[in-house]
Amino acid sequence: ELHEAREREQYLATHDPLTGVPNRTLFYDRLAQALATASRYDQKLAILFLDLDGFKEVNDAHGHEAGDRLLREMARRIAGVVRKSDTVARIGGDEFTLVLTRIGRPEDAARVARNLLERIAVPADLPGGEHRVRASIGIAIHPGDGDRADTLVRNADAAMYAAKQAGGNRYAFYDRLMHRSG
């Protein structure tokens, strides 16, 4: 029982209690490991920063129970798009981050982003009927967009913001000019 309690405690410390996907702590741990491997073997990896467009409206119109149900469904859909070796994490609110390891070229990350946009756009069955949300996704590629975890996440976040500013329901790659324009 003590062993099971410790395992449960470890799980709760590293996973989002609502969705069951890794939390911010585990995300950064896995990202650090992925960066070390990518650097050692001269590989590319991608960070995707995903924000749900229209999530607040679901919460406001249908309550937090509907919002929680939507977040669980979106986490399930997002995890269903990527490989088991990749990481999907909920880092807060309606924001998710992904680590895509061993990508051959940036187009591989773009393909995943397109698949995510398609899966997320499918209406979700929630209390009060079907609801459709969209997503804005920012992409940063290692090593070109950064060598450190915090830099890559910040750059993917800047790209996500650019996608959102362009109308949402799209993805954008990080560009160094994004930090200069704001």
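Author: Start with pairing: two strands pair if DSSP finds at least two bridges between them. Keep in mind that this is a predicted model. Five strands here form an open sheet, in the order E2-E3-E1-E6-E7, with mixed pairing.

Reader: What makes E2 and E7 the edges?

Author: Strand E2 (87-92) and E7 each have a single partner strand, so one side of each is left without a neighbour in the sheet. From one strand to the next, the twist averages 20 degrees.

Reader: How do you know that E1 and E3 pair?

Author: Count the bridges. The cut-off is at least two. E1 and E3 have seven, in the antiparallel sense. Leu48 stands opposite Leu98 in E3, and Ala46 stands opposite Leu100 in E3.

Reader: And what makes E1 and E6 a pair?

Author: Bridges again: nine of them, also running in the antiparallel sense. On this side Ala46 faces Ile141 in E6.

Reader: Why is E1 called largely enclosed?

Author: Nine of its ten residues are buried, so the rest of the structure largely encloses E1.

Reader: Which helices lie on the sheet, and at what angles to E3?

Author: Helix H2 (residues 24-40) packs on the sheet and touches E1, E2, E3 and E6. Its direction makes about 20 degrees with that of E3. H4 lies across E1, E2 and E3, at about 5 degrees to E3. Angles under 35 degrees count as roughly parallel.

Reader: Why are H2 and H6 called roughly perpendicular?

Author: Two packed helices are described by the angle between their axes and the distance between the axes. For H2 and helix H6 (residues 149-165), the angle is about 110 degrees and the axes are 10 Å apart. The range for roughly perpendicular is 65 to 115 degrees. The pair is therefore roughly perpendicular. H2 passes H6 in a right-handed crossing. Phe27, Tyr28, Leu31 and Leu35 of H2 make the contact with Ala149, Leu152 and Val153 of H6.

Reader: How do you know that Ala159 is buried?

Author: Compare two values. Buried means under 20% relative accessible area. Ala159 is at 0%, so it counts as buried.

Reader: Where does Ala159 lie, and what does it touch?

Author: Ala159 lies in helix H6. Leaving out residues up to four places away in sequence, it touches Ile137, Gly138, Ile139, Ala172, Phe173, Tyr174 and Met178. Take Ile139: it is 20 residues from Ala159 in sequence, but their C-alpha atoms are 6.2 Å apart in space. Other residues of H6 are buried too, including Leu152, Val153, Ala156 and Ala163.

Reader: How does the span of H6 compare with the expected one?

Author: H6 has 17 residues and reaches 24 Å from its first C-alpha to its last. Just after H6, Gly167 takes a positive phi of about 115 degrees.

Reader: What about the span of H5?

Author: Helix H5 (residues 106-121) has 16 residues and reaches 23 Å. That is close to the expected 22 Å.

Reader: Which residues of H5 are buried, and what covers them?

Author: Among the buried residues are Val112, Ala113, Leu116, Leu117 and Ile120. The cover includes strand E1 (44-53), helix H4 (64-81), strand E3 (95-103), strand E6 (134-142) and strand E7 (170-173).

Conventions. Residues numbered from 1 in each chain as written. Predicted model: local features only at pLDDT ≥ 70, side-chain atom pairs only at ≥ 80, totals over all residues. Heavy atoms only, no water. Helix = DSSP H or I, 4+ residues; strand = E, 2+ residues; numbered from the N terminus. Expected span 1.5 Å × (residues − 1). Buried < 20%, exposed > 50% of the residue type's maximum accessible area, 1.4 Å probe, protein only. Contact = heavy atoms within 4.5 Å. Axes fitted to C-alpha atoms, helices over the stretch in contact; angles between N-to-C directions. Parallel < 35°, antiparallel > 145°, perpendicular 65-115°, else oblique. Left-handed = near helix turned anticlockwise from the far one by under 90°.
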